[in-house]
Amino acid sequence: MASAAFEEIVEDFEFLDDWEDRYRMVIELGRAMEPLPEALKVPATKVDGCASQVWLHPQIDSGVIRFEGESDAMIVNGLIAVLRKLYNGLSPSEVAAIDARAELGRLGLNDHLSAQRSNGLRAMIERLQGFARASSS
């Protein structure tokens with residue numbers, strides 16, 4: 001089950017009929033994030049498989065996953081923000097159990113991202129779910 005913050009995005013998307021408006025919303029979510037500290041933009045946090053530069057820094061905080069991230073591409077930064085809404089605040093076992101493809105499908109993202117962005121999004125999800133699985137064992 002997705003977080004309450006992600007459910008809010010789903011509700012907001014239902015009111016936006018035009019994909020340009022949805023893309024703008026995703027980009028605005030990315031712009032609203034705090035930038036990732038330069039000290040965390042290192043090879044260990046870089047996500048391979050993305051056409052743009054992407055860094056994710058997940059942590060366990062009081063038994064739940066919290067992660068920061070950043071990309072040099074506006075839309076990808078927005079996708080990071082969407083993933084933060086999907087996963088932040090959930091336990092590692094909850095994160096590992098989420099079918100991210102199905103949840104993001106509720107937003108229609110699966111049908112409206114380029115192949116490169118879809119591959120990058122998949123790489124980010126794999127990184128976060130791998131972290132969750134490793135943290136729950």
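The structure is a predicted model, in which local features need pLDDT of at least 70 and side-chain atom pairs count only at pLDDT 80 or more, while totals for chains, interfaces and linings use all residues. Residues are numbered from 1 along each chain as its sequence is written, and side-chain values use heavy atoms, with hydrogens and water left out. Helices (H or I, at least four residues) and strands (E, at least two) are DSSP runs, numbered from the N terminus.

## The largest pocket

The largest pocket holds about 210 Å³ of space. The elements that each give two or more residues to its lining are helix H5 (100-105), helix H6 (109-112) and helix H7 (115-136). In total 13 residues line the pocket, and Ala 100, Arg 101, Asn 110, Arg 122 and Ile 125 are those that lie nearest its centre. Sorted by class, the lining has seven nonpolar, three polar and three charged residues; here Ala, Val, Leu, Ile, Met, Phe, Trp, Tyr, Cys and Pro count as nonpolar, Asp, Glu, Lys and Arg as charged, and the others, Gly among them, as polar. A pocket is an open set of points on a 1 Å grid over the protein atoms alone, where a 1.4 Å probe fits, with protein on both sides within 12 Å along at least five of seven lines, and lining residues have an atom within 4 Å of a point. Grid points are joined across faces, edges and corners, and the volume is the space filled by probe spheres set on the points.

## Confidence

The predictor's confidence in each residue is given as pLDDT, from 0 to 100. The protein averages a pLDDT of 91, and 99% of the residues score at least 70. Confidence is lowest in H6, at a mean of 78, and highest in strand E2 (residues 64-71), at 96. Where pLDDT is low, the predicted coordinates should not be read in detail.

## Buried and exposed residues

The table gives the relative accessible area of selected residues, where buried means under 20%, exposed over 50%, and partly exposed in between (1.4 Å probe, protein chains only).

| Residue | Relative accessible area | Class |
|---|---|---|
| Phe 13 | 2% | buried |
| Thr 45 | 7% | buried |
| Ser 3 | 8% | buried |
| Gln 53 | 32% | partly exposed |
| Asp 99 | 46% | partly exposed |
| Asp 72 | 54% | exposed |
| Ser 62 | 75% | exposed |

Contact means heavy atoms within 4.5 Å, and the contacts named below leave aside neighbours up to four places away in sequence. Ser 3, in the segment before helix H1 (4-15), is in contact with Lys 85, Leu 86, Asn 88 and Leu 90. Phe 13, found in helix H1, is in contact with Trp 19, Arg 22, Met 25, Val 26 and Leu 107. Thr 45 lies in the loop between H2 and E1, where Thr 45 touches Leu 40, Val 54, Trp 55, Leu 56, His 57 and Arg 127.

## Gln 53 and Asp 72

Gln 53 is placed in the loop between helix H2 (19-32) and strand E1 (54-61), and Gln 53 touches Lys 46, Glu 70, Ser 71 and Asp 72. The side chain of Gln 53 makes a polar contact with the side chain of Lys 46 at 3.5 Å. A polar contact is a pair of N or O atoms within 3.5 Å; within protein, one must be able to donate a hydrogen and the other to accept it, and residues adjacent in sequence count only if both atoms are side-chain atoms. Asp 72, in the loop between E2 and helix H3 (74-87), touches Ser 52 and Gln 53, and the side chain of Asp 72 reaches the backbone nitrogen of Gln 53 at 2.9 Å.

## Two further loop residues

Ser 62 lies in the loop between E1 and E2, and although Ser 62 is not a glycine, it has a positive phi of about 55 degrees. Asp 99 is found in the loop between helix H4 (92-97) and H5; Asp 99 and Ala 2 are 97 residues apart in sequence, yet their C-alpha atoms are 9.0 Å apart in space.
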